[in-house]
Amino acid sequence: MSRTKFIAGNWKLHLTRAEGSALASAVAAAVPAGVDAAVCPGFLSIASVAQAVSGSRLKVGGQDCHWEEKGAFTGAVSAGQLKDAGATVVILGHSERRQLFGETDATVNRKLKAVLGHGLIPIVCVGETLAERDAGRLQDVLRTQLTGGLAGLSAEHLPTLVIAYEPVWAIGTGRTATSAQAQEAHAFIRSVLRGIVGDLADRLRIQYGGSVKPDNARELLAQPDVDGALVGGASLKPADFNAILAAAA
Ligand code: PEP
């Protein structure tokens, strides 16, 4: 089953609006044919980045959203507001949100329903800590995060779902999962997805995230179940991100 590779950059809490527009413009000019690409700036830069790359193939995404559409939720941003600003993608359940901001599978699930309700492409992050991996709990953790995050949803709701497998021990640490470890986890994730969405699982994309760089991207992306990458640090450097895009082509 051939799946279009999807490379997304997570800018986290970096870059001003001007810096973001310049970086996104450099990336937009380099998206290879046959590869999907997105950048996910901080909320305040989404509209300006979307404007800077409008007419290109580069998508723009949010790094999170709230599950409610409107109301007394100080500091929150809704999926509808992200769409209004020009986002077409939303990252949900990133491990930093889980570890630092109390995100749970239940809140990921509520947010996912809001994102799908607006026709946005969700990137749902899952992944184990080093302690969980060392305790032999990899599959338990992934199954729990997937079944909790996707609860109440089925194939008809999830045609655009993207999963990002991000082993927590590999994020921002310079430590990458080996291509064999990534493939093993991705194949397991696809088997869990098959139980939830049936044959659609073969068409859904599973990104790898965790210290993806130009020098390891090609080997990771060559694995049969690795359908793209969610990139943190290297997405802030246009030469590096564009090299990862080229490796996906
Ligand atoms: C991430 O933030 O999702 C990530 C994978 O970061 P990095 O590429 O820096 O490890």
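Me: Where is the place of Asp 36?

Reply: Asp 36 sits in strand S2. Strands are DSSP runs of E with at least two residues, helices are runs of H or I with at least four, and both are numbered from the N terminus. A word on the source: this is a predicted model, where local features need pLDDT of at least 70, side-chain atom pairs count only at pLDDT 80 or more, and totals for chains, interfaces and linings use all residues. Residues are numbered from 1 along each chain as its sequence is written, and side-chain values use heavy atoms, with hydrogens and water left out.

Me: With which side chain does Asp 36 make a polar contact?

Reply: A polar contact is a pair of N or O atoms within 3.5 Å; within protein, one must be able to donate a hydrogen and the other to accept it, and residues adjacent in sequence count only if both atoms are side-chain atoms. Here the side chain of Asp 36 pairs with that of Arg 205 (2.7 Å). Contact means heavy atoms within 4.5 Å. Setting aside neighbours within four places in sequence, Asp 36 contacts Thr 4, Lys 5, Phe 6, Ile 7, Arg 57 and Arg 205.

Me: Which residues of H1 are buried?

Reply: Buried means under 20% relative accessible area, exposed over 50%, partly exposed in between (1.4 Å probe, protein chains only). In H1 the buried residues are Gly 20, Ser 21, Leu 23, Ala 24, Val 27 and Ala 28. Seen down the axis of H1, they fall within an arc of 170 degrees, so they line one face of the helix. That arc is taken from the directions from the helix axis to the C-beta atoms. Their cover includes strand S2 (35-40), helix H2 (46-52), strand S3 (58-62) and helix H10 (238-248).

Me: How many aromatic pairs does a search of the whole structure find?

Reply: A pair of aromatic rings is described by the distance of the centres and the angle of the planes. Rings of Phe, Tyr and Trp (its six-membered ring) pair if their centres lie within 6.5 Å; planes under 30 degrees apart count as stacked, over 60 as edge-to-face and the rest as tilted. The search finds one pair. Tyr 165 and Tyr 208 have ring centres 6.3 Å apart and planes at 55 degrees, so the pair is tilted. Tyr 165 is in strand S6 (residues 162-165) and Tyr 208 in strand S7 (residues 205-209), so the pair ties together parts 43 residues apart in sequence. Both tyrosines are buried.

Me: Is His 94 buried or exposed?

Reply: His 94 is buried, at 4% relative accessible area. Its place is the loop between strand S4 (89-92) and helix H4 (95-101). The His 94 side chain makes a polar contact with the side chain of Glu 166 (3.3 Å). Beyond neighbours within four places in sequence, His 94 also has contacts that include Asn 10, Lys 12, Cys 125 and Ile 171.

Me: What phi does Leu 15 have?

Reply: Leu 15 has a positive phi of about 80 degrees although it is not a glycine. Leu 15 lies in the loop between strand S1 (5-10) and H1, and is partly exposed at 32% relative accessibility. Ser 211, not a glycine either, has a positive phi of about 55 degrees. Ser 211 lies in the loop between S7 and helix H9 (214-221), and is buried at 10% relative accessible area.
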